[in-house]
Amino acid sequence: MVVIREASLEDAEEILALQKLAYQSEARLYDDWTLPPLMQAIESLQEEFGRSIILKAAAGERIVGSVRAQCKDDVCAVGRLIVHPSFQRQGIGSRLLEAIEARCAAAAGFELFTGSKSVGNIRLYQRHGYVITRTQPLSANVSLVFMRKPGRTPT
């Protein structure tokens with residue numbers, strides 16, 4: 001059984017190793033092994049624990065997924081949604097996305113981005129109510145698709 005809960009600083013190394021494993025498929029898709037998630041240093045991830053909400057999906061003691069969010073100006077920026085390749089297509093990504101949105105339920109909106117060729121990711125986000133708002137080149141091989149979803153209705 002996979003349980004989703006808040007990650008701790010002690011989880012940073014395992015999350016970073018999973019991140020680098022999970023993003024290898026993206027690197028192959030874009031033929032770009034310099035994608036920021038593959039280049040992130042442990043110190044950078046450790047610093048994120050001080051300013052982000054970081055959740056993990058655990059199967060027993062093993063971390064099999066993770067997602068991060070930062071809320072600023074009433075908008076929740078969701079990032080680095082990852083699932084171990086052996087655990088994909090089991091609903092863990094959806095559960096992580098729902099959990100991070102629930103943790104940021106007061107947000108007026110949610111934003112995220114993914115690669116333009118990452119059709120599976122785009123489909124997942126669209127199923128959860130995200131719509132494409134813009135596309136922006138990142139490098140010669142990579143364009144980012146930015147997506148947004150409305151949050152709570154202001155009173």
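Predicted model: local features only at pLDDT ≥ 70, side-chain atom pairs only at ≥ 80, totals over all residues.
**View 1. Lys56 and Asp11 pair up in a salt bridge.** Look for the closest N and O atoms here, which sit 2.9 Å apart. Lys56 belongs to strand β2 (residues 53-59), while Asp11 comes from the loop between β1 (2-6) and α1 (12-22), so the contact ties together parts that are 45 residues apart in sequence. Both partners are tucked away: Lys56 is buried, and Asp11 is buried too.

**View 2. Glu101 meets Lys149 in a salt bridge.** The N to O distance for this pair is 2.9 Å. Here a helix and a strand get tied together: Glu101 lies in α5 (residues 92-103) and Lys149 in β7 (residues 143-150), so the link joins parts that are 48 residues apart in sequence. Glu101 counts as buried, with a relative accessibility of 10%. Lys149 comes out at 17% and also counts as buried, because the cut-off for that label is under 20% relative accessible area.

**View 3. Arg148 forms a salt bridge with Glu111.** The closest N and O atoms of this pair are 2.7 Å apart. Two strands supply the partners, Arg148 from β7 and Glu111 from β5 (residues 109-115), and the pair links distant parts of the chain, 37 residues apart. How exposed is Arg148? Its relative accessible area is 29%, which makes Arg148 partly exposed. Glu111 gets that label as well, at 34% relative accessibility.

**Across the views.** The pairs shown are among the five salt bridges that the structure holds.

Note on methods:
Residues numbered from 1 in each chain as written. Heavy atoms only, no water. Salt bridge = Lys/Arg side-chain N within 4 Å of Asp/Glu carboxyl O. Helix = DSSP H or I, 4+ residues; strand = E, 2+ residues; numbered from the N terminus. Buried < 20%, exposed > 50% of the residue type's maximum accessible area, 1.4 Å probe, protein only.
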